[in-house]
Amino acid sequence: MVMHSELNPPTEPGSPLADQTQVGAPSAENVESAKVKMRARDVSVYYGNKKAIDEVSVDVFSEYVTAFIGPSGCGKSTFLRALNRMNDTIPSARVEGTIELDGEDIYSSGMDVVQLRARVGMVFQKPNPFPKSIYDNVAYGPKIHGLAEGKTELDAIVEKSLTRAGLWEEVKDRLQDSGTALSGGQQQRLCIARAIAVDPEVILMDEPCSALDPIATARIEELIDDLRGRYAIVIVTHSMQQAARVSQRTAFFHLGHLVEYGHTSDIFTNPKQQRTQDYITGRYG
Amino acid sequence: MSPVLPLLLALGLGLAGWLVARARAWSFKRAAPDGRLAALPSYHAWYAALWIAVPLLAFFVVWDFVCSQLIVAHVLASPEAQSLPASGLLRDTILNEAYGLATGDVQRAMNDQSNALAVPFREAISRYNLFGILIGLAIAAAGATWAFLRLKPDFAARTKVERLVLLALLLASMVAILTTLGIFLTLVFETVRFFGMVSPIDFLFGTQWNPDPMSNATNPDGDRYGAIPLFWGTLFIGAIIAMIVAIPLGLMSAIYLTQYANPKVRSWVKPALEILAGVPTVVYGYFAALTIAPFIRDLATSLGASNPSSESALAAGLVMGVMIIPFVSSMADDSIAAVPQAMRDGSLAMGATTNETISRVLVPAALPGIVGGVMLAISRAIGETMIVVMAASTAANLSANPLDSMTTVTVQIVSLLTGEGSFDHPATLAAFALGFVLFLVTLALNFIALRVVKRFREAYE
């Protein structure tokens, strides 16, 4: 697979990428700060013989929130799960193309999937705390990766993660209560705390607010904004308002193709593609 | 009276009623201005047929009891009965024999008097059978009249028929419950009788089990009825040795099947495990007695044990453990599979290996279900009879050595009830007390297990 040093995806006539906009190019004001964290090139994902994702090329930047939008079944979640190899758990799934994390191919034989997932964390659509105490939920990752040497160190990691996830004040007096006893929004923040406890570099969020009410959603969005400075965040969302509110880069997927990728402000105010325009104005999807 | 005649009568009259009522319903339908009835003609037909057949059959069930009383009363009033002995065994024998002669069940009488009595018996039987049939016909006619008076175009026959069907379903479901209740009452009744002879304290806490069916029944020796060795043997074989085999093997096979096996392997192994559950326990029993027990004895001898028993608790427990594997494995399989995929994904996405995910997330989450399964398996194991009857001995030893011969509650129940003691001897009644204790223990285990499993199900729904 060819390594592309420039951010622009290759454009070939006739391919779905041909009419794609110049994507990912940082705008003038943040050329300096934009650092590519993950680079996907010509990624196709198959389920058996069915092609779910067709040659998608996207860059994920450090300290940015990248949103994937598009109608249901467009492949945005499938693509997200390719970024930390969660598709490996589906026997029929197959990935082609390259996905690099800091220049290292994550699908190469040298990449340990355990290490990869420690570096690329994930938050799911439905809050899925383990049926353990709040403390044990957060301590789970540090324990399996051996990040803490003793109890005090582990306590510190748990407190730091819960604080970053904005949950510490609410649960500090009941760390031994079951994680499943929290409200939906708290559970989702617990899952975020669990993900950041292993100190990942990228956090993937698969529709993290779709099971939450508007108030809990607002809290998660605030949290995403707070976390942005530390991690590269990728969020899949059905809500275009959410993408517009929290992200700096937006990728629009349709029927397994990447239609358009660029600055969130450009995508929402000045889309280059008719299909993006139609989707954003609610003509379909 | 033979039951064939009433059955044929009910069937024939019911069918006649069915046909007539259906024809009548069709004529209603043709006559009705819009061609509609409140119920389909077949429901009219069933309504009439049921009103004829059900009271008829109910009458004959009652009549069967009443009739025999009336026949005996008639015979005793006859002049031939005057010479009968006033009471006692002979009187009953003669009456039974005469009745047998009258119905043709007995060809030749042992007592001369029976032959004489057979005549009034024959007379009475034919008279009361005729009575019975006449009354039955009258009842059927009454039922038919009632039904036909009510059948009109706007009569809701369907709801009436459905109500009766519902009642029949309810009765069917009550059979199992009433049977359980009956078993329970039998046990309680016999147990109380036993505790009237042997003190419950001696029974529950004594350490010597050696009932003698030939001893004096009126003054039993309480020291011979200490059931502790039996309870211990049952626990040791069924709940300890069998579970040491069944829990790890069952759990591991469940983990393999749900987490690692590819669908093809799973589709072969799971049915194979279920076949294991379907093997009759007698077959396990001779496997234990003929193969495992001698093997263990030889092994013990080669390891230096002097004179090991050929019937060891270990042999029975091991085979019972193998028998229980499918129970543990299928319950564990179900509860691990019931842990939401989101838990598995959540753990894997943290960078946990499959192994860590299973041991730290899936098994703890499925634990209540697994515990429930194990408790059901224990309750099954301690109630198991055939394996221990064949592979364990009948000697009640209070020992912690698995190579010793031991006996269990179920084995003792079998040997006490198949022994030669009479049914009012404490040695026989002890079987009921043992059965009662076993019943209570397994009932409690099942109850707790079902509660645990239910609570677990609620947690994920």
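How are α3(B) and α4(B) oriented to each other, oblique or roughly parallel? In this predicted model, local features need pLDDT of at least 70 and side-chain atom pairs count only at pLDDT 80 or more, while totals for chains, interfaces and linings use all residues. Residues are numbered from 1 along each chain as its sequence is written, and chains are lettered from A and ligands numbered from 1 in the order in which they are written.

**View 1. Two helices of chain B cross.** Helix α3 (residues 89-103) of chain B and helix α4 (residues 112-150) of chain B have axes that come within 7 Å and cross at roughly 60°; helices (H or I, at least four residues) and strands (E, at least two) are DSSP runs, numbered from the N terminus. Axes are lines fitted to C-alpha atoms, for helices over the stretch in contact, and angles run from 0 to 180 degrees between N-to-C directions. α3(B) and α4(B) are therefore oblique to each other, given that angles under 35 degrees count as roughly parallel, over 145 as roughly antiparallel, 65 to 115 as roughly perpendicular and the rest as oblique. Among the residues that meet here are I94(B) and Y99(B) in α3(B), and L117(B) and F121(B) in α4(B), where contact requires C-beta atoms, placed from the backbone, to lie within 7 Å. By class, this contact of α3(B) with α4(B) has nine nonpolar, four polar and two charged residues; Ala, Val, Leu, Ile, Met, Phe, Trp, Tyr, Cys and Pro count as nonpolar, Asp, Glu, Lys and Arg as charged, and the others, Gly among them, as polar.

**View 2. Two helices of chain A pack.** Helix α6 (residues 184-196) of chain A and helix α7 (residues 214-227) of chain A pack at an angle of about 20°, with their axes 9 Å apart. That angle makes α6(A) roughly parallel to α7(A). Among the residues in this contact are Q188(A) and I192(A) from α6(A), which meet residues of α7(A) including I220(A) and L223(A). The residues of the contact of α6(A) with α7(A) divide into four nonpolar, three polar and two charged.

**View 3. An open sheet of four strands in chain A.** The strands follow the order β2-β1-β4-β5 (chain A), and their pairing is antiparallel; two strands pair if DSSP finds at least two bridges between them. β2 (50-61) and β5 (104-105) of chain A stand at the edges, each with a single partner strand, so one side of each is left without a neighbour in the sheet. Strand β1 (residues 36-47) of chain A pairs with β2(A) over eight bridges, and Y47(A) has K50(A) in β2(A) as its bridge partner.

**View 4. An open sheet of six strands in chain A.** Here the order is β6-β7-β8-β3-β9-β10 (chain A), and the pairing is mixed. The edges are held by β6 (120-123) and β10 (257-263) of chain A, each with a single partner strand, so one side of each is left without a neighbour in the sheet. From one strand to the next, the twist averages 15°. Strand β9 (residues 249-254) of chain A runs antiparallel to β10(A), joined by six bridges, and F252(A) stands opposite E260(A) in β10(A).

**View 5. Chain B touches chain A.** In this view, 13 residues of chain B are in contact with 20 residues of chain A. On the side of chain B that touches chain A, the elements giving two or more residues are α11 (341-349) and α12 (354-383) of chain B, and the largest share, six residues, comes from α11(B).

Note on methods
Two residues are in contact if their C-beta atoms, placed from the backbone, lie within 7 Å.
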